[in-house]
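Trainee: I would like to read this model with you, one question at a time.
Mentor: Good. Keep the structure open and ask away.

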Amino acid sequence: MVTAKADLVMRGGKVFLGLGSGFTESVAIWGGRVIAHGSDSELEGLVGANTRLIELNGRLAAPGLNDAHQHLMSVGLGLSEVDCKTDTQLQAMLAKIKARADKAKPGEWIFGRGYDHFELDSKRHPFREELDMVAPNNPVYVKRTCGHMGVANSAALKLAKIDEDTEQPDGGHIESQNGKLTGLLQERAQELITKVLSDHTIDALAEGARAGQQHNLALGFTSVTDPGVGLRQGYDEWLGYQQLRRQGGFGLRMHLMPLAGASGWPDRAMDLGLMTGDGDEWLRVGPMKLFTDGSAGGKTAAMFDPYLGEPENRGIMIYEDQQLFDYVRDYHDRGYQVAAHAIGDRAIEQILTAYELAIGNDVETQSNRRHRIEHCGFLNADQLARMQRIGVLPAPQSIFMYEFGDLYVDVLGEDLSAKAYPFRSFLEAGLHPSASSDAPVSSTNPFQNLYSMVTRKTKRGTLLGANEALSLEEALHCYSYCGAYGSFEEDIKGTLKQGQLGDVTVFDRDLFTVEPEEILEASADLAVVGGEIMFDRQAEAA
Ligand SMILES: [Zn+2]
C-alpha cells in the first residue's frame with residue numbers, strides 16, 4: 001500500500017489548534033491543507049523523502065494570524081513616506097522632513113505620516129510655516145496618526161487652491177487662527193489635497209500591495225482584510241490588487257472591501273458583478289464599506305455626550321440618517337454584506353438602526369448576513385444586545401487601547417475609556433470579535449495587539465477595564481478564527497483542524513509560557529500560507 005507523505009511537517013513544538021481544541025506537538029500539511037496533527041510519533045509515518053521538516057524546538061505554532069481590518073495597500077505605499085510615528089519632538093520630526101526635502105526634486109510632493117500631536121513636546125500640530133521652512137521648494141502633506149487629519153505647507157495649500165476665502169467643505173474643516181490658515185485639514189477637507197495629487201499607476205498600486213504583503217508576512221500574518229479598497233484612488237486600487245494576483249505576486253490571502261457610499265465606487269462594483277463572497281481563498285470579495293464618523297483621538301467620533309472640555313463638540317457624522325439607511329438598505333437588498341466604520345456610540349446607534357431597518361422583522365433568516373461594525377469602540381449595553389439580536393459583528397482594535405488609551409481618558413474620561421473596545425463582552429455575546437490593527441492608523445505589530453488584548457494596558461501602563469481582558473488562547477482565536485468568520489471563511493481557515501488551509505504562524509518562542517510583557521518583544525519566525533513557507537526569518541527551511 002502506498003502511503004501519502006506530507007509536503008510539510010512542523011514538529012516538536014507547541015501547536016495551538018484553535019480555541020477549545022487544545023494543543024499538540026506536530027502538524028502535517030499536504031496539498032495546501034492540514035492533513036493531520038498529533039504527537040511527533042503519531043505523525044512520523046507522514047514524513048517521506050520529499051517532506052520538508054521544520055523543527056519547532058518548543059516554539060509556538062498557531063493558526064495563521066489574520067488582520068481583519070488593515071489598509072494594506074496604503075501600508076505598502078506608505079513604506080516610502082516619512083515615518084513620524086515615534087516622534088516626540090517637533091523639531092526632530094521637522095528635521096526628518098527637511099532631510100527628505102533636501103534629497104527631493106523641486107516641486108516633488110513629500111508625504112509624512114504617523115505623528116500624534118499629543119505625544120509631541122509642542123502639544124500641537126506643526127504649523128504650515130514650519131513645514132515651509134524645512135521644505136521651501138516642495139509641497140508637503142503630513143498626516144496625523146489617525147489619518148483623519150493632516151497639515152499641509154503653503155505650497156501644498158496653493159496647489160490644492162485652498163486660501164483664507166475657501167468655503168468649509170461638507171463633513172470637513174479647514175483650520176484658521178486669527179484669520180490665517182494653519183495648514184490643518186480635517187476629515188473631508190483632506191480630499192482637497194488628494195484631488196490634486198497625480199494618480200498612482202496601476203503598476204505602482206500593485207507594487208504597494210506587494211510591499212504591504214511582504215511587510216505583513218514578516219510579522220506572521222497569513223490573511224489580511226483591506227477594509228476600503230478605493231480610499232485614495234477608487235477602482236484603480238482594485239485593479240492594482242488584481243494585477244498583483246494575476247502576476248502570481250500574492251503572498252498572503254486577502255479579503256477586499258469595495259469602498260461604497262458617496263465617496264466610493266459601489267455602482268462599478270455592481271456593474272462588474274462583484275458580490276460578497278466571490279473570488280477564491282486568495283482574493284475574496286468582501287462587504288460594501290461605508291464610513292459614518294471619525295476617530296475618538298481626533299475628537300471626531302460621533303458621541304452622545306460631548307468631549308471633555310468641549311461642550312459643543314459631539315463629533316462628526318458623515319451621513320444624514322436617511323441617507324445612510326438608504327445605502328444600507330440598497331446593499332442589503334442586493335445581497336451584500338455591509339461593513340460600516342462607526343466608533344462613537346452616536347454613530348453606532350445610527351448604523352445599528354440602519355441594519356435593523358434593512359433586516360426588518362425577518363431576523364430568523366437574515367441573522368447570518370454578518371453585517372459588520374468596523375471599530376465599534378464606544379458602545380453601550382443596549383447596543384451590544386441589539387447587535388446580538390440581529391447578528392452584527394464588531395471588528396474592534398485592541399491596539400487602539402494600547403496606543404491611544406491614555407488619550408481616550410483625556411478626551412472622554414476614565415469610565416467610557418474602560419468600557420471601550422470590549423473584547424470579552426463581544427466574545428461572550430457570541431459576536432466573533434475579529435482582531436485587527438487598522439494600520440496605518442495603528443502599528444501593524446501583532447504583538448502590541450496581543451499584549452493589549454490579554455492585559456488591557458496602554459503603552460504607558462494604564463490599566464483600562466481589566467474585566468475585558470482575554471486569555472491568550474482567546475486572543476489568538478480572535479486573531480484567526482473570528483477574522484475568518486467575518487469573511488464567511490471559518491470553514492476553511494482560522495484553526496488547524498484537519499481539512500483547514502495550511503496557514504500557520506510560527507513564533508520565535510512559546511507565548512503561553514512567557515510573562516505578558518515579554519509578548520511585546522516576540523517576533524514571528526515563519527509565515528506558512530497554504531503549506532508554502534512565505535516568510536522565513538532564520539532561513540531554517542533552506
Ligand atoms: Zn480603517
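**Reading the model**

Mentor: Start with Ser 442. Setting aside neighbours within four places in sequence, Ser 442 is in contact with Lys 85, Ile 399, Phe 400, Glu 403, Phe 404 and Ser 437. Bear in mind that this is a predicted model.

Trainee: Is Ser 442 buried or exposed?

Mentor: Ser 442 sits in the loop between helix 16 (423-428) and helix 17. Buried means under 20% relative accessible area. Ser 442 has 2%, so it is buried.

Trainee: Which peptide bond is cis, with omega near 10 degrees?

Mentor: Look at Pro 440, in the loop between helix 16 and helix 17. Most peptide bonds are trans. The cis bond runs from Ala 439 to Pro 440.

Trainee: Which residues coordinate the zinc ion?

Mentor: Their spacing along the chain is H-x1-H-x366-D. At 2.1 Å, the zinc ion is coordinated by His 69 (NE2), His 71 (NE2) and Asp 438 (OD).

Trainee: Is Leu 464 buried or exposed?

Mentor: Leu 464 is in the loop between helix 17 (446-455) and helix 18 (472-478). Beyond four places in sequence, its contacts include Met 401, Val 409 and Arg 456. Its relative accessibility is 1%, so Leu 464 counts as buried.

Trainee: How far apart are the C-alpha atoms of Leu 464 and Ser 417?

Mentor: Ser 417 is one of the residues in contact with Leu 464. Along the chain, the two are 47 residues apart. Their C-alpha atoms are separated by 6.8 Å.

Trainee: Is Asn 137 buried or exposed?

Mentor: Find Asn 137 in the loop between helix 4 (128-134) and strand 11 (140-144). Not counting residues up to four places away, Asn 137 touches Pro 106 and Gly 107. Exposed means over 50% relative accessible area. At 52%, Asn 137 is therefore exposed.

Trainee: What is the phi of Asn 57?

Mentor: Most residues other than glycine have a negative phi. Asn 57 lies in the loop between strand 6 (52-55) and strand 7 (60-63). Asn 57 is not a glycine, yet its phi is positive, at about 50 degrees.

Trainee: Is Arg 370 buried or exposed?

Mentor: Arg 370 also has a positive phi, near 55 degrees. Its place is in the loop between helix 12 (363-366) and strand 20 (372-375). Asn 57 counts as exposed at 65% relative accessibility. Arg 370 has 6%, so it counts as buried.

Trainee: At what angle do helix 7 and helix 8 pack?

Mentor: Helix 7 covers residues 202-217 and helix 8 covers residues 235-246. Their crossing is right-handed, and their axes are 8 Å apart. The angle is about 65 degrees.

Trainee: How many nonpolar residues are in the contact of helix 7 with helix 8?

Mentor: Helix 7 brings residues including Ile 202, Leu 205 and Arg 210, and helix 8 brings residues including Asp 236, Leu 239 and Tyr 241. By class, the contact has three polar and four charged residues. The nonpolar residues number seven.

Trainee: How far apart are the end C-alpha atoms of helix 7?

Mentor: Helix 7 has 16 residues. At 1.5 Å a residue, the helix should span 22 Å. The model agrees, because the end C-alpha atoms are 23 Å apart.

Key. Residues are numbered from 1 along each chain as its sequence is written. This is a predicted model: local features need pLDDT of at least 70, side-chain atom pairs count only at pLDDT 80 or more; totals for chains, interfaces and linings use all residues. Side-chain values use heavy atoms; hydrogens and water are left out. Axes are lines fitted to C-alpha atoms, for helices over the stretch in contact, and angles run from 0 to 180 degrees between N-to-C directions. Helices (H or I, at least four residues) and strands (E, at least two) are DSSP runs, numbered from the N terminus. A crossing is left-handed if the near helix is turned anticlockwise from the far one by less than a right angle, and right-handed if clockwise. Contact means heavy atoms within 4.5 Å. Ala, Val, Leu, Ile, Met, Phe, Trp, Tyr, Cys and Pro count as nonpolar, Asp, Glu, Lys and Arg as charged, and the others, Gly among them, as polar. The expected span of a helix is 1.5 Å times one less than its number of residues. Donors are N, O and S atoms within 2.8 Å of the metal (3.2 Å for Na, K and Ca); water is not among the atoms, so sites may look incomplete. Buried means under 20% relative accessible area, exposed over 50%, partly exposed in between (1.4 Å probe, protein chains only).
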